[in-house]
Each structure stands twice: as structure tokens, then as C-alpha cells.
Amino acid sequence: MDVATILAAAQSADAATRQDAEARLTQAEQLNFPLFLTTLTTQLSTEGSPVNARRLAGLIIKNSLDAKDAALRAARAERWVSVVDADSQKAVRDALLATLSSPEQAARRAAAQAIAKIAAIDLPMNTWPGLLDTLMANSTSATTSGVLKTASLETIGFICEEAATREASAVSAVLSTQSNLILTAVVHGMKYTGAPAGGDPAAPVDASSAEAREVRLAATVALNNALEFVRTNFETAEHRRVIMQTTVEAARDPDANIRVAAFECLVRVAEEFYDTLPESINDLFQLAMAEISGDEEPVALQAIELWSTIAEEEIALEDEAAAATEVGEANTLTRRSHAFVSHALAHLCPALFKCLTQQEDDCHEENAWNRATAAGSCLELLAQAAPARILEYVVPFVRDNVVGADWRAREAAVLAFGSVLDGPPQAQLAPVVAAALPVLVRTLVEDVNAAVRDTTAWTIGRVLRDGDHKLAAAAILPDLVSALWRTLKDENAPVAAHVCYAIHNLADAFSADGADEEQDLGATSNGTATGLADYAEGLLRELFITTERSDGGEAHLRVSAYEAVSAIFRAVGDSSLNCVTQAVPVLLTRLEASLSVTPPPPGTEAAAELAETQGLLCGALTTATQRLRSIGVGPFTDRMLQCYMKLLEGTVTAPTAATTGASNGASTPNSNAVHEEALLAIEAVADALGPDFSRYFATVAPVLVSALRNWTHYQLCAVAVGTVGDICRAIGKDFVTVSNGAIAQEIVRCLLDAVQSQMLDKSVKPAVLSAFGDVAMAIKGDFEPFLGYVMQMMQEAARTSMTFKVPDDDYDLLDWLLALRESVFEAYTGVIHGLKDDGKQALLETHVEWLLIFCEAVHEDETMGAASPSAAEALSKAALGVLGDLVEAAPALRPKLSGLKWLRQSVENSEMASDMRTRQTAAWAKQVIFAPQ
């Protein structure tokens, strides 16, 4: 069977034919990879081959050289370097470059993408030295066809895109050194007006031809991808002028697609080079204003995005300035906001208001992104960038349109108001909200248009989200609750969902602090339960009805309703907990009913809906359990645990060496979420019952152990780790007495295995280490049998955290490293207190030295302080805390520790920390460790 036939079969609708072809391709790749590549590139470059076969050949080539997983990507790159011989490499490169001239666009695109993958490997090694020169020559030569120009520019764009998506990519450095070449090719392409007719230089050109437009579009897209690598050029005034002039010209191109690409470049410039915008802001303003009101929506969206990006940059700069001023470092700032947004508001707001009135007829479409929704998002950012001025433009628009005859104008007015609630000073906003809220309530009830009611419900929810507007809500509370109550029954699901959102925020706004005081929701100053307490039971009843609506899956209505239920549970004061108690049997009955039905086939919409409902019920029961505590929840715990166990039993399997890659019982996102909610619900029961939970410990232990070993679904494992900590805190020493300690041994073994596992996501491991401290605190001296194993694991984690190299720009990894180090300190602190409580602190003597070495290494680690001063302070606080606890537990260690110069320096540094708690910990540690006794 020839390669064209195999490629055709690989795209067959018949599964058996397709799988056979895929197997043949895999076998060919494994048997002789160089021949595999050269055969595919020959297929891709052959003009007589079917288009689909050529496209698939290019895709296979590309995928054989790359992967999402970094380790697999590195292995495939190494295979290209070491397995493919030089002659085969040259044949592949030459064939791909030749394909850029193909009259078939799909083949050119596939070749360009494959070249980018090879370039990512070759350019850092200088094994394809002429590539960029060739692409530039193709892009700039007067004799090059438009087809080749376009393909070459696309290839440059793909190479830049490839470099940008790879962390700490070596190819990025190469591209930066070749920025002049890249910029020359791109600018030349963006100015391309077409080839002279008949090849005669004196003949006229047609800039509007499809060929010319394709070249300019490819060049403009390439510039967007290349901006990161021409930074040095952009920082040079003359080069910057050329780039910006060329981009502004492209933003005026008659072709809408080119204008979209040009505005995408301008958005990137605003994001990456905001400080240079004063030179071009007038042009950008005029361009954006023309397009925001223009006929082409895709261009308008990018013009709006430009001002959104400028606003985001100014918000960030103002935040930086405020933070610097707060710590007395305002004079150290090297960048400042130019307040472009504030200067543009008078013209920008009317244009955005007009966009708001251009809604789609069906504006309830979920996640719709159009001119109206983009304008609303932009207004939200403008309000934060120019908070003192936004209301002077928005309030008149709202006042003039909120009760008009045109539903689009009414909806736009309400959306504009809801979009600017974050930003304006409270002194300005409070009277406006107080005046607007009664109008919004009437609109919610009386407006005949569903879109207006929907946006109004959302806006009321936004008002109630801010506790500063509680007084405005309290002034019309009966009317407000009545409106929400009535509109909760709206036949339109998005409207009802936003009403649930408003009820959720209403409950939060009127919540008693911690919901543990006699003062209830909306209580008066003398503690008499009034306000929302009078409505809680009725609201819960209506919300329960809403959760069972047949359209509950639309607009996340069911989810929003259950979240509102939980919000009311959290909000009611202790004097009104009866409504929560009455709700528990309703929730339990529903959960039991959901468990008694025949499960729908996995992967179906019905299965997803059932899992979602079960997760929501567990979540609501968790909140109820947290509020009712042991006395209130006691009568229901047997039924609760039966339900939670049934949700978990037989569904949580552990990946082992024998089962890795096999089907896992918890295999879908929905079912995983249900299992997490069930574990959290068990955790809440343990916390509520305290020592009384011991009677359930042996029952829940098997699923807890299974979840701890479920490293494939690491979020579930993480929840199980937290559940272990809560159960330990609840039952104390019963943790090691139930089942003669066998359960405790198994759980600790699971935690030790989890820390060492290469399969478990590293984000879970700090929590696992902290859990050892929870166990030690709970079982006190009975932790002795586990001490050696745990301390060894903590020492290894500490050593790993100090040898880990973090790239300067990898903030996620930096956060993880901080968490890992803090977890070692937390675990050690728990061990200290646990052993000390039973007088066994002497067991720590052999585990002090490595802790001191670790603390000294943390103190001397300058990289953490440079990357994140607040993180460095947090680590210093944790280190001083554990050392102070150690000296208090074992005073004989005081002379040793007080003689450590680095420790004294650490205390002195922390006494000057910006964080008050760090300073307090330093003062305490100084007293404990260094003060004369």
C-alpha cells in the first residue's frame, strides 16, 4: 500500500480502516524514522498528490517533531538531531522550503508549520543557518511570486509564534539577534502593493488584488508574532517610528482582515510598549474612534480591545503607584500612567454607548462576544482607569434611556450602569446607586423585554456584591426581595439565573459576621432579627423549586440556585438556623433519590447533569453542616454518610504500576467534581461532630485511602489530603486507636507514598507535607512510630526546595517553591507541638541539625527575595516561628541557637519587615531565643 493510500485511509469514516492506517503509520515511524519523514515530505511537496493527503502529511511531520509535554517534546527534538541523518535532514528541509511555492494553499500552510517546528530545534544549534535569510529574500525580492511571499511571511510568523510559546526558549534568543532581518521582511510585506502586470516594472500595480492583500495580511500577522523579538528595534526611536507608521497604515487598509490584524498588533504594542504610546496616541485614537463606529464588527472589536488594553495598563500602573506611595517609595517609580483614558472619555464613552445599543436580537446566547458585550467590558475597565470621571458621562446616558421606548436603549443604559460600579469613589457612587436601585427594581418586575430584565437582574447583583451599598438595599428591602422573589419564576432561564446571582449577593451583603452572632441578616442594632431573616425561609423554598426547573441546565440556572441556597445558609444568624435545619431533609431526600436511579451511560448529557446535581446537593449539605454543627446536624449524619459513601464507593481507584494508563473509575470531570464534593462533605461532618466522628472513621477510611492514592486525578487526592487533616483535628488520638491503629498506618503510608510519587502533580505535595503536622498535632506522642519516616521525607523535601532552579519569569513555579518550603516549616511545627504535649520532645534531638541547615539556607537564599520580597518575608516568619517553638519545647537548645550569627541577622531583618505579623513573630522569636533566661 503506497503512502497516499495510507494517508487517505487514515482519514476514512470507517473506524477499522482508519485504525489500520494509523497503525501502519506508527509502525513506519518506529521502524525507520528518517525514511518516514522523507517519504511524508515527498508526499507533501508533490503537486499531483491529493490535497487532503498533503495536508495530513504535513500535520504528521509537525507532530512527529513536537509535543505539548515538555519531556516528550525534548525527546522528539533529540530524535530529529540524533536519529535523522544529515542527508535526510537536508532532504526534508529542501522539500519543505520548495513546498512554500506550491499553488495549493493547504500544502503551503502545512509546510510553513513544519518548518517552524524544525526551526525551533535547528536555529539554537545553528544547523539551518540560511533559513531566515532565505525567508527574508523570498519576502522582499521583486521577482518572488506573491504566493511565495505570503508563505514565507507566514513561516516567519509561525517561527516567532513557536518561540513565544516555549518557556525559556533558546530559539527566542536567536530570533532576537535576527530582529533586523525579521523586521525588514515584515515591513516590506506590509507595504506590498502587488507585482507589476506582465512583469514590466513600469506597469501599474493593483494593491487591491487578492495576491497583494494576502501578502500584506501574512506580514501583519507575522509582525504581531514578532513584536516580542524586535524589542530592541522598538526601543530605538527611528525603528519604532517605522514600525508604528507601517502598522497605522495597515490599520487603514481597505481590507477588513488586514485592519483586524493591524489592530491586533496595536493591542500588543499597548500591552508591551505602553510607555511609547505618547508618540502615536493621536493616530491610535482617531483610528479606534472611526472603527468602533464603523461597519465591520471584527475590526470594531479589536478597536475596542485596544482601549481596553490601554485601560488595563493604566490600572496596573496606578496600582503600582499606590503601592509604592503606601511604603514611601513613590520616588523610585520609573513608569507612570499617561491618563490616556481620562483624556479620551468625552469621545470614547458616547461611541461605546452606541455600541451597547447594537445588541443581537437573541442577546441571551451564552458567551456571546459582539460589539455590545465588548463595549460593556471596556466600560468596566474605563471605570477603573478613570474612576473620578466616569460617572459624569455614564449617569446622563442612563438617565436618558433607562425608561425609554426602545428596549435596546433601556438594556444599554442598565448595562452601562452595571459595568461601571467598580471604580468610582464611594462618595460619588453611593448617591447614584441609592437613586438608581428603586428604578432597577421596578424595571426588573415591569419590563416586558427579557433582555432588559436579564441585564437588570445582573446589575442588581453587581450592586449587592459591594457591601458599601447595603444601606441603599436596606432602604427598599421589602420591594427588593419581592422583586427578586417574583422574577425568580421568570420563564426565561438566564433571567432567573441572574436573579439567583442577585439573591446570593444579597445574602452575602446582609450576612451576620461569620454567621455566628445573634444579630441576624438585616438585624437591628438591638439584635432583634429583622430584614432578610423574615424572608430566608421563603427564599429557600422558591430556590428549591427553581433547582428542579426543566430548564435548569440553561445559563447555569441550577448551579446558581444551589449557590444562592448555600449563601443563605451561611448568612442566617444563629437565631434563624431553623430554616437551615428544615432544608437539610429536603436536600438529603433529593440526594438519596439521585442515588437510587439507574445511572445514565457515562459521557452522556444525562450523566453529566446527574453528577452536577449530586455535587451541588453535597455542596449545599456541606454548608448546612458547617452552620448547624454537632447539635443541629447530629440527627442527619447517618443518612449523610450513607449518601457520601455511596457516591464514593467503587468509583475511586488508585493508579499503581499495574494499572497506570488503565481506565479509572473517576474518569470524567463531572464525576471527579462529585467525588471531591463528597469528600468535602465528609470533612464537614467530621469538623462538626468532633470526637464523635470516631464512630464513622473505619467506615470512611477505605474511600479516603483510595482517594489518597488517586494520583491521576490529583485534585481529588488534594481534597483527600485536606480531609485527613480535618478528621485528625476532629478525633484526636482516636486516629491511632480505631482498628488498632491499622487505618492510621495505612493513611500515613499513603501520604509518604504521595510525597515520593512521580505521578502525582507537584502542586499537591506541599499540602501532603503540612498534613503530617496535622496528624502529629492530633495524636501527639503517639506520632513516635511515624517520626523517623516523616522527618526523612521532610528533610528530602527541604533539600529539594533548596536545589530547585526557578527561571526568573516562572512565577507559578516560584509560588510552588514557596509553598513547599512553608509546608516543611508547618509540618515541623505540628510535630514539635504534638510531641511536646505528651512530653516527648526529646525525640526531636536527632532531627534538629538538618532543620538549622534548612533555615540558614532559606535565610541566605537571595533569589526568593529578589523575585518576591513578600514571599521572602513569609518564609522568614515561618522559619523564626518553628525555631522559636523548638526552643520553647526544648530549652536546652537555646545556647546553640542563640550563638548562630545568621539567625540573629534573620531576626533583625524580620524586625524591619513590611508585614506586621512578620515583625511580631521576629520580636517573639528574639525574646524566646536570645533574651537572657
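Lys780 sits in the loop between α37 (765–779) and α38 (784–803), and has a positive phi of about 55° although it is not a glycine. This is a predicted model, so local features need pLDDT of at least 70 and side-chain atom pairs count only at pLDDT 80 or more, while totals for chains, interfaces and linings use all residues. Residues are numbered from 1 along each chain as its sequence is written, and side-chain values use heavy atoms, with hydrogens and water left out.

- Most residues other than glycine have a negative phi.
- Ala339 is another residue with a positive value: its phi is near 55°, and it isn't a glycine.
- You'll find Ala339 in the loop between α17 (297–326) and α18 (helices here are DSSP runs of H or I with at least four residues, strands are E runs of at least two, and both are numbered from the N terminus).
- Ala339 is partly exposed, at a relative accessible area of 27%.

- Helix α3 (residues 33–45) has 13 residues and reaches 18 Å from its first C-alpha to its last, close to the 18 Å expected at 1.5 Å a residue (the expected span is 1.5 Å times one less than the number of residues).
- Buried residues in α3 include Phe33, Phe36, Leu37, Leu40 and Leu44.
- The cover over the buried residues of α3 includes α1 (3–9), α2 (15–31), α4 (51–64), α5 (70–82), α6 (86–99) and α7 (105–125) (contact means heavy atoms within 4.5 Å).
- At the start of α3, Asn32 puts a side-chain oxygen within 3.1 Å of the backbone nitrogen of Leu35 (a polar contact is a pair of N or O atoms within 3.5 Å; within protein, one must be able to donate a hydrogen and the other to accept it, and residues adjacent in sequence count only if both atoms are side-chain atoms).
- α23 is mostly covered, with 15 of its 16 residues buried.
- Asn449 caps the N-terminal end of α23, with a side-chain oxygen 2.9 Å from the backbone nitrogen of Ala451.

**Rings, and charges over rings**

- There are 11 aromatic pairs in the structure (rings of Phe, Tyr and Trp, the last by its six-membered ring, pair if their centres lie within 6.5 Å; planes under 30 degrees apart count as stacked, over 60 as edge-to-face and the rest as tilted).
- Phe353 and Phe397 are a stacked pair, because their ring centres are 4.2 Å apart and their planes are at 5°.
- That pair links distant parts of the chain: Phe353 is in helix α18 (residues 340–356) and Phe397 in helix α20 (residues 391–401), 44 residues apart.
- Both Phe353 and Phe397 are buried.
- Arg93 has its charged end over the ring of Trp128, 5.6 Å from the centre (the cut-off is NZ of Lys or CZ of Arg within 6 Å of the ring centre and within 35 degrees of the ring normal).
- Lys762 likewise has its charged end over the ring of Trp816, 5.9 Å from the centre.

**Salt bridges**

- The structure holds 43 salt bridges (a side-chain nitrogen of Lys or Arg within 4 Å of a carboxyl oxygen of Asp or Glu).
- One of them joins Arg109 and Glu154, at 2.9 Å from N to O.
- Arg109 lies in helix α7 and Glu154 in helix α9 (residues 146–165), so this bridge ties together parts that are 45 residues apart in sequence.
- Arg109 is partly exposed at 31% relative accessible area, whereas Glu154 is buried at 17%.
- Asp687 and Arg629 also form a salt bridge, with the closest N and O atoms 2.9 Å apart.
- Here the link runs between Asp687 in helix α32 (residues 669–689) and Arg629 in helix α30 (residues 605–633), 58 residues apart.
- Asp687 is partly exposed at 38%, and Arg629 is partly exposed at 35%.
- Asp66, Arg73, Lys117 and Glu162 are linked in a network of salt bridges.

Conventions. Buried < 20%, exposed > 50% of the residue type's maximum accessible area, 1.4 Å probe, protein only.
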